[in-house]
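Please take a moment with the sequence and the structure before reading on. This briefing is meant for a reader who is meeting them for the first time.

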Amino acid sequence: MAISDVASFAHLSPEEVEELGREFDQIRRDIESSRGAKDAAYIRNLIAIHRKLVVGGRVTLFASSFPPAWIAGTAMLAAGKILENMEIGHNVMHGQWDWMNDPEIHSGTWEWDTTCPAEQWKHSHNYVHHTYTNVIGKDNDVGYGILRVTSDQKWHPANLGQPVYNALLALLFEWGVALHDLDIEAIRKREKDPVEMKRQLKGIWRKVRKQVAKDYLIFPALTGPQFVSTLTANATANVIRNLWSYAIIFCGHFPDGAEKFTEAELENETQAEWYLRQLLGSANFSGSRFMHIASGSLGYQIEHHLFPDLPSNRYPEIAERVKALCEKYDLPYTIGPMYRQYGQVLRTLMRLSLPGKQRDAAPEPPEPHHKRATPAELRNYPGPKAPQASAA
Amino acid sequence: MSPTATDLVRRVASRVTTPLLPDDYLKLINPLWTARELRGKVVEVLPETDDAATIVIKPGWGFRADYQPGQYVGIGVDRDGKWHWRSYSISSTPDAGENTVSITVKAMPEGFISDHLVRDLEPGTIVRLALPQGEFVLPDPPPAKVLFWTGGSGITPVMSMLRTFDRRDTMPDVVHVHSAPSREQAIFRDERLALTEKYDGRLRSVENFDDEHGILDVTKLEDACPDWRDRQAWVCGPAPMLEAAEKHWAAAGLIKHLHIERFSANLTASATGGHVTFAKSGKEADLDGATTLLEAGEAAGVQMPFGCRMGICHTCVLPLKKGIVKDLRNGAEYQENQNIQTCVTAAAGDCVIEI
């Protein structure tokens with residue numbers, strides 16, 4: 001069942017929730033006051049790597065009829081697009097690098113290499129999703145208006161097609177993202193303002209036209225007789241990026257342990273309760289540094305949702321502090337290897353295509369808040385583990 | 001290539017690089033090959049005195065080299081990952097036939113940026129630039145009789161003018177009255193004296209060193225240049241000097257002859273401070289009464305428009321949606337729905353700015 005009161009779900013008193021909120025505020029202040037040249041170098045390097053990958057890929061594809069060149073070019077282009085969309089674009093548009101005062105690396109000016117216009121993304125994602133995270137009926141990312149991802153969403157016969165919709169969404173993810181801010185649900189319910197819809201469609205069309213022309217017309221044409229092989233390479237790179245970003249993003253809020261909430265939770269929600277909802281509603285996955293950069297630091301989904309506008313390269317150190325707080329307050333910290341997290345998502349999607357509730361995805365409240373960890377226990381804390389608190 | 005041909009090539013190329021610009025790739029080869037944000041490379045840092053240096057910058061693409069002597073340029077430097085902007089008068093002449101532009105900077109006490117520019121800036125550093133602007137310029141042709149009155153580093157725009165007269169061989173009848181704290185701290189002294197010698201009879205130079213001669217006030221100015229009423233005057237220096245000049249020329253009914261340039265706004269008024277919200281970007285900040293809204297916005301990561309940063313050019317003007325702000329130069333208050341110059345105003349209570 002979706003949660004209507006985070007504090008009682010977490011067995012914390014209002015005072016404890018506020019205290020936890022102050023601890024999160026402190027993390028934010030510490031990071032904000034220590035942003036500097038190293039952080040700036042991180043994002044500038046990644047941007048340079050992205051551009052080199054793109055140039056490398058595009059140039060290699062001038063020999064796209066030669067299979068090894070096709071493979072190498074496609075791989076570089078796909079890697080470039082993934083890097084740009086996930087670790088660079090998504091995070092820059094969150095304002096993580098606005099403090100650098102650099103108009104070229106700023107949430108107000110960034111446009112990313114995908115069909116979704118930045119302006120619409122910032123509305124549907126930064127505002128709607130990050131404010132109303134996992135609140136059913138408010139956050140359109142709960143199923144994206146086409147999937148049933150929690151038993152709290154009523155079953156409809158159309159959900160029988162869920163395995164197919166899911167596969168299509170994975171392959172065409174970029175297009176799903178492009179249409180996301182239109183709010184499919186609102187259109188279905190005929191609640192959408194037609195003037196606003198026309199404005200949005202215009203914006204999407206302007207962006208789509210340029211993106212499609214580049215990948216499916218201009219670059220193939222530039223390679224002359226290799227038009228078709230360059231076109232398939234570009235399409236493949238886009239699909240690889242689609243599959244990867246789809247998988248990463250579905251691991252953020254759909255695995256077991258990432259809770260959903262009702263609109264009642266939003267009533268009089270304090271900043272501290274908001275933090276708690278972000279923590280309970282998000283799921284991390286573990287991986288190497290390379291893996292985290294390749295996934296746009298979304299393996300730190302919890303940290304990202306607590307502090308969406310702090311630089312992503314600082315998430316690993318933030319994670320240590322968040323884990324310690326979860327230990328201290330007996331709160332779940334949902335994490336697992338990516339294959340397991342995605343496996344749970346897939347299982348949920350299949351199960352919920354049929355009517356009824358999902359047995360093993362019901363939220364399990366953490367153990368009652370029985371004791372505080374001592375400083376020594378915190379120091380000896382071995383690292384992330386399964387979400388349940390230790391037995392009483 | 002004519003600009004239109006360049007533009008056309010760019011537009012075509014950007015179809016290939018969308019959503020980026022060709023510049024975003026070209027700057028990987030050469031950091032100056034981009035016109036997206038104007039850039040320059042520091043070629044040389046030439047010490048002028050103990051606490052002043054001339055910085056020679058080679059501008060990148062998109063920088064208009066046809067500035068007028070007397071104008072200033074915005075310069076952005078990266079300090080600890082963050083871009084900081086200041087404006088400085090250009091001291092070079094556009095007619096030197098070089099593709100560089102120079103500014104001359106005096107390190108101010110506790111000047112976070114000026115001190116860095118004078119003492120730590122390495123040749124090869126990439127800086128950001130804003131196009132030259134400013135109204136402190138000479139008409140073409142220059143008036144027959146000119147008075148320059150400069151104080152301290154206020155000499156920089158006038159040096160650009162003198163160098164330009166020299167280059168074009170159009171030196172009119174000039175009296176240049178310059179005051180500096182001491183002989184050692186007089187910027188461009190050798191060059192100024194050399195020009196005086198070269199244009200003997202046309203250029204007369206009067207020096208005042210505060211430690212030797214005391215402060216140069218308007219009475220002394222009249223002594224140094226008795227025919228000041230017959231001259232068009234260009235005056236640049238510290239705020240008290242400019243105020244004295246304004247009073248003096250106004251009293252004589254000759255305010256039209258006076259052209260002044262402030263090199264820092266005289267922000268002496270104070271406001272109470274408050275909580276500022278930047279509405280569109282959703283950023284917020286708690287401000288004291290001395291921090292300008294421009295500085296606050298930049299510190300909060302808002303992309304604030306700016307130009308001179310001293311209340312002259314109005315590039316930084318933004319609508320005030322709520323609250324009251326105060327002009328730090330004169331204490332004037334602005335209410336909601338007025339347009340405010342963010343570079344010289346501070347919060348007087350909580351306010352909301354539309355950006």
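This is a predicted model: local features need pLDDT of at least 70, side-chain atom pairs count only at pLDDT 80 or more; totals for chains, interfaces and linings use all residues.

Chain B contains 9 helices and 19 strands, and its domain assignment divides the chain into four named stretches. Where chain A meets chain B, the contact draws on 25 residues from chain A and 17 residues from chain B.

**Overall form of chain B**

- The domain assignment of chain B places domain 1 at residues 1–30, domain 2 at 38–133, domain 3 at 145–262 and domain 4 at 274–353.
- Between the C-alpha centres of domain 1 of chain B and domain 2 of chain B there is a distance of 26 Å.
- Taken along the principal axes, the C-alpha atoms of chain B occupy a box of roughly 60 × 50 × 35 Å.
- The radius of gyration of chain B is 22 Å, which agrees with the value near 20 Å that a compact globule of 355 residues would have.
- Buried residues make up 42% of the 355 residues of chain B.

**Where chain A touches chain B**

- The contact takes 25 residues from chain A and 17 residues from chain B, and on the side of chain A, helix H3 (37–60) and helix H9 (194–222) each supply at least two residues.
- Of the elements of chain A, H3(A) gives the most to the side that touches chain B, contributing 6 residues.
- Sorted by class, the side of chain A that touches chain B holds 10 nonpolar, 5 polar and 10 charged residues.
- A:Lys214 lies in helix H9 of chain A, and A:Lys214 counts as buried because 20 C-beta neighbours are found inside 10 Å.
- Which residues is A:Lys214 in contact with, leaving aside its neighbours within four places in sequence? They are A:Phe219 in its own chain and, across in chain B, B:Arg15, B:Val16 and B:Thr18.
- A:Lys214 and A:Asn234 are separated by 20 residues in sequence, and their C-alpha atoms are 9.4 Å apart in space.

**Two packed helices in chain A**

- Two packed helices are described by the angle between their axes together with the distance between the axes.
- Helix H10 (residues 227–253) of chain A packs against helix H15 (residues 338–352) of chain A at an angle of about 75 degrees, and their axes are 9 Å apart.
- Because angles of 65 to 115 degrees count as roughly perpendicular, H10(A) and H15(A) are roughly perpendicular to each other.
- From H10(A), the residues A:Ala247, A:Phe250 and A:Cys251 meet A:Met338, A:Gln341, A:Tyr342 and A:Val345 of H15(A).
- The residues in this contact of H10(A) with H15(A) divide into 6 nonpolar, 1 polar and no charged.

**Backbone features in loops**

- The peptide bond from B:Thr18 to B:Pro19 is cis, with omega near 5 degrees, and B:Pro19 sits in the loop between helix H1 (3–17) and helix H2 (22–29) of chain B.
- B:Asp140 and B:Pro141 are also joined by a cis peptide bond, with omega about 0 degrees, and B:Pro141 belongs to the loop between strand E6 (126–133) and strand E7 (145–151) of chain B.
- A:Arg190, a residue other than glycine, has a positive phi near 60 degrees, and its place is in the loop between helix H8 (184–188) and H9 of chain A.
- Is A:Arg190 buried or exposed? A:Arg190 counts as exposed, because there are 6 C-beta neighbours inside 10 Å.
- A:Asn268, likewise a residue other than glycine, has a positive phi near 55 degrees, and A:Asn268 lies in the loop between H10 and helix H11 (271–281) of chain A.
- A:Asn268 is exposed, since 6 other C-beta atoms lie within 10 Å.

**A residue in a helix of chain B**

- B:Thr219 is found in helix H7 (residues 218–224) of chain B, and B:Thr219 is exposed, with 9 other C-beta atoms within 10 Å.
- Although B:Thr219 and B:His248 are 29 residues apart along the chain, their C-alpha atoms are separated by 9.7 Å.

Definitions and conventions
Residues are numbered from 1 along each chain as its sequence is written. Chains are lettered from A and ligands numbered from 1 in the order in which they are written. Domain bounds come from an automatic or database domain assignment. Two residues are in contact if their C-beta atoms, placed from the backbone, lie within 7 Å. Helices (H or I, at least four residues) and strands (E, at least two) are DSSP runs, numbered from the N terminus. Ala, Val, Leu, Ile, Met, Phe, Trp, Tyr, Cys and Pro count as nonpolar, Asp, Glu, Lys and Arg as charged, and the others, Gly among them, as polar. Axes are lines fitted to C-alpha atoms, for helices over the stretch in contact, and angles run from 0 to 180 degrees between N-to-C directions. Angles under 35 degrees count as roughly parallel, over 145 as roughly antiparallel, 65 to 115 as roughly perpendicular and the rest as oblique. The radius of gyration is taken over C-alpha atoms; the globule rule is 2.2 Å times the number of residues to the power 0.38. A residue is buried if 20 or more other C-beta atoms lie within 10 Å of its own, exposed if 12 or fewer, and partly exposed in between; C-beta atoms are placed from the backbone.
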